[in-house]
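Reader: I have a new model open and would like to talk it through with you. Could we go over the sheet, the cavity and the backbone?

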Amino acid sequence: MSFLTSSNHPTVAEGDTVMIYIDYSTILAAQIDLSAKQSVIHTKKGPVSLKNLIGHRYGTKLTCKSGYVQILQPTPELWTKTLPFRTQILYLPDISMIVMHLDLKPGSLVGESGTGSGSLSHAIARTVAPSGHLYTFDYHDVRVQQARKEVIQHGLEDIITVQLADVYENGYGTLENHLDAVMLDLPMPWLAIPHAKKALKKGGSRVGSFSPCIEQVQRTCEELKKHGFSDLVTLECLMRPLEVKVMNMNSWQPPEVRAAGVDGDRRPKTPFSQISFSTAIIPKEVPGHSGFLTFASLF
């Protein structure tokens, strides 16, 4: 199962990556590999045989010992929730802002450093497919090998190229004046700015950077200005979930309504009646900071 061809592949087959939905807070990713030692996934609903998943349509509910699980097609969003962590990862709020502000679309040529656990890589690949390409770089050999393995398993080898390189020192190799956008998720992104400038096309290409600390943002912005980037903007994604509650409040009744009485001869003792309604309450505390996103253009 490719992350890009789910509509043409409605049933589970050997070699697929499937998402096993257990409940709202628990989703597991499983590789259907009959030659592997692990042939059963143990869940809180009971064991799930991977061999028995073959041939079932995606979306099927499978009865287990203590309930049921559901087989879902893989998507970048679900992969972000289930991937094996090799580094800290970017999550959906930040990923969505990156894809939008880098102006990514089918056909875009994108550079990414570093690869990390591949959360952002999958989202970019889906956006630029089928005619675009993602060149993703990481200096850590084990992470690169694992990322290459996942790219093949997920059917993305025509869209993603994973390379072992230190962009601080070596930049983006032969990708000079080639890329529409570059995304930097590095401890010292300002060191990669000169290399990103060489790799980017002139005439409105975009660069983005993710940094957890404002001091990193300041140095990155200084370097971007130094190398002729414009339209600099830094933003922060904070989720603010609203809590839905039933509220009670007094509603004033005009004199003519009170004079008519309520429920026959009973008349309200006060000019107010109580009503109930559902409303959204702003939380007193907002979930914490994840990082700052900085974007700029090169003309």
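Author: Happy to; the questions below start with the sheet and move on to the cavity and the backbone. Please keep in mind that this is a predicted model.

Reader: Thanks! In what order do the seven strands of the open sheet run?

Author: The sheet is open, and its pairing is mixed. Its edge strands are strand 9 and strand 12, each of which pairs on one side only. From one strand to the next the twist averages 15°. Reading across the seven strands, the order is 9-8-7-10-11-15-12.

Reader: Is the pairing of strand 11 with strand 15 parallel or antiparallel?

Author: In general, strands of a sheet pair through backbone hydrogen bonds, either parallel or antiparallel. Here strand 11 covers residues 205-211 and strand 15 covers residues 292-298, with seven bridges between them. The sense of the pairing is antiparallel.

Reader: Which residue of strand 11 is the bridge partner of L184?

Author: Strand 10 has parallel partners to consider. Four bridges join it to strand 7, with E112 partnered by M183 of strand 10. Strand 10 and strand 11 also pair in the parallel sense, over four bridges. There, the partner of L184 is S209.

Reader: Are the residues on both faces of strand 10 buried or exposed?

Author: Buried means under 20% relative accessible area, so that is the cut-off to apply. A181 and M183 point to one side, while V182 and L184 point to the other. Both faces are covered, and these four residues are all buried.

Reader: At what angle does helix 7 run to strand 15?

Author: Helix 7 spans residues 214-226. This helix lies across strand 11, strand 12 and strand 15. Relative to strand 15, the angle is about 5°.

Reader: On to the cavity: which helix gives the largest share of the lining of the largest cavity?

Author: The count comes to one cavity of 30 Å³ or more, and its volume is about 50 Å³. Helix 3, helix 4 and strand 9 each supply at least two residues of the lining. The largest share is three residues, and it comes from helix 4.

Reader: How many of the residues lining the largest cavity are charged?

Author: The lining includes T115, S121, H122, E150 and V162. By class, four lining residues are nonpolar and five are polar. The charged count is one.

Reader: Which peptide bond has an omega near 5°?

Author: Most residues other than glycine have a negative phi, and most peptide bonds are trans. A cis bond runs from S113 to G114, with omega near -5°, and G114 is found in the loop between strand 7 and helix 3. The bond with omega near 5° is the one from A129 to P130.

Reader: What is the relative accessible area of D103, with its positive phi?

Author: D103 has a phi of about 60° although it is not a glycine. This residue lies in the loop between helix 2 and strand 7. D103 is partly exposed, with a relative accessible area of 48%.

Reader: And in which loop is N177 found?

Author: N177 is not a glycine either, yet its phi is positive at about 55°. At 44% relative accessibility, N177 counts as partly exposed. Its place is the loop between helix 5 and strand 10.

Conventions: Residues numbered from 1 in each chain as written. Predicted model: local features only at pLDDT ≥ 70, side-chain atom pairs only at ≥ 80, totals over all residues. Heavy atoms only, no water. 1 Å grid on protein atoms, 1.4 Å probe; cavity = no way out; pocket = protein on both sides within 12 Å on 5 of 7 lines; lining within 4 Å. Points joined across faces, edges and corners; volume = space filled by probe spheres on them. Nonpolar A, V, L, I, M, F, W, Y, C, P; charged D, E, K, R; others polar. Pairing = 2+ DSSP bridges. Axes fitted to C-alpha atoms, helices over the stretch in contact; angles between N-to-C directions. Contact = heavy atoms within 4.5 Å. Buried < 20%, exposed > 50% of the residue type's maximum accessible area, 1.4 Å probe, protein only.
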